[in-house]
Amino acid sequence: MNRFVIAEPGRCIGCNTCMAACSAVHEAEGLQKAPRLVVTKTARGSAPILCRHCDDAPCARVCPVEAIRIENGAVVLDEKRCVGCKMCALACPFGAISPSGTAISGVGGVAEPQPRRPAGFDPILAWDIGVKTVAVKCDLCDFAADGPACVRACPTDALWAVGAGELSRSNATRRSETAAPRGLPGTLPAIEEHD
């Protein structure tokens, strides 16, 4: 079982504080400043979408340069090895991997003109001259001793980091609570036998 961050949609207020914290901590670390999670808003509410660090990791299976692999209970992406093919983003069943661009200098020092793409153009299909695309996904802020920045920054405690141990304990508690008899509406109490 891999580690990951759980989002509680009922607590999320859609403030994007998690995205800002994620961006700031990664930029300070010298990585892509694009946030590793995206807050999605619907008529019913909002919730962050982030990597679930899948045990079978479809993104890692399709990466042609092995820039994505499972290490220490997490799905890890090596941004320096990534070639920007976007196969991982296409393979991710949760939409938790997004492309981010890094400007590179033009050939021979000549800057290339930047074409304008329509607003709302899907970033998976987009490409820009002079920009190298790199995949970004949640890395659990493994470089930070105090854990994921999004979890620390969330003002409503809608996010929390979970390891295999916590998940196993939570599942065991849920199973024991489900198996325990309780007085449900419409049921008769247990009959006690007396001598």
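This is a predicted model: local features need pLDDT of at least 70, side-chain atom pairs count only at pLDDT 80 or more; totals for chains, interfaces and linings use all residues.
Leaving aside neighbours within four places in sequence, Val5 is in contact with Leu50, Leu140, Pro148, Cys150, Val151, Leu159, Trp160 and Ala161.

**The nonpolar cores**

Now widen the selection. Val5 is among the residues with the most contacts inside the largest nonpolar core, along with Cys18, Leu37, Cys59, Ile97, Cys150 and Leu159. How many residues does this largest core have? It has 32. Colour helix 1 (17-28), strand 5 (74-77), helix 3, strand 7 and helix 4 (149-153), and you will have elements that each supply at least two residues of this core. There is also a second, separate core of five residues, including Ala21, Val25, Cys141 and Ala149. In soluble globular proteins, nonpolar side chains tend to be buried together.

**Salt bridges**

Next, show the charged side chains. The model has five salt bridges, and three of them are on this tour.

- Select Arg3 and Asp142, whose side chains meet in a salt bridge (3.4 Å, N to O). Arg3 lies in the segment before strand 1 (4-7) and Asp142 in the loop between strand 7 and helix 4, so this pair ties together parts that are 139 residues apart in sequence. Arg3 is partly exposed, at 27% relative accessible area, and Asp142 is partly exposed too, at 45%.
- Move to Arg36 and Glu79, which form a salt bridge through their side chains (2.3 Å, N to O). Arg36 is in the loop between helix 1 and strand 2, while Glu79 is in the loop between strand 5 and helix 3, so parts 43 residues apart in sequence are tied together. Are these two buried or exposed? Arg36 counts as buried at 4% relative accessibility, and Glu79 counts as buried at 15%.
- Finish with Arg69 and Glu71, whose side chains also meet in a salt bridge (2.6 Å, N to O). Arg69 is partly exposed at 31% relative accessibility, as is Glu71 at 33%.

**Around Ser100**

Select Gln32, in the loop between helix 1 and strand 2 (38-41). Gln32 is buried, with a relative accessible area of 14%. Which side chain does the Gln32 side chain make a polar contact with? The partner is Ser100, at 3.0 Å.

Not counting residues up to four places away in sequence, Thr133 touches Val83, Gly84, Lys86, Pro99, Ser100 and Gly101. Thr133 is buried, with a relative accessible area of 18%.

**Last stop: the surface**

Met87 lies in helix 3 (residues 87-91) and is partly exposed, at 38% relative accessible area.

Note on methods: Residues are numbered from 1 along each chain as its sequence is written. Side-chain values use heavy atoms; hydrogens and water are left out. Helices (H or I, at least four residues) and strands (E, at least two) are DSSP runs, numbered from the N terminus. Buried means under 20% relative accessible area, exposed over 50%, partly exposed in between (1.4 Å probe, protein chains only). Contact means heavy atoms within 4.5 Å. A nonpolar core is a set of buried Ala, Val, Leu, Ile, Met, Phe, Trp, Tyr and Cys residues joined through side-chain atoms within 4.5 Å. A polar contact is a pair of N or O atoms within 3.5 Å; within protein, one must be able to donate a hydrogen and the other to accept it, and residues adjacent in sequence count only if both atoms are side-chain atoms. A salt bridge is a side-chain nitrogen of Lys or Arg within 4 Å of a carboxyl oxygen of Asp or Glu.
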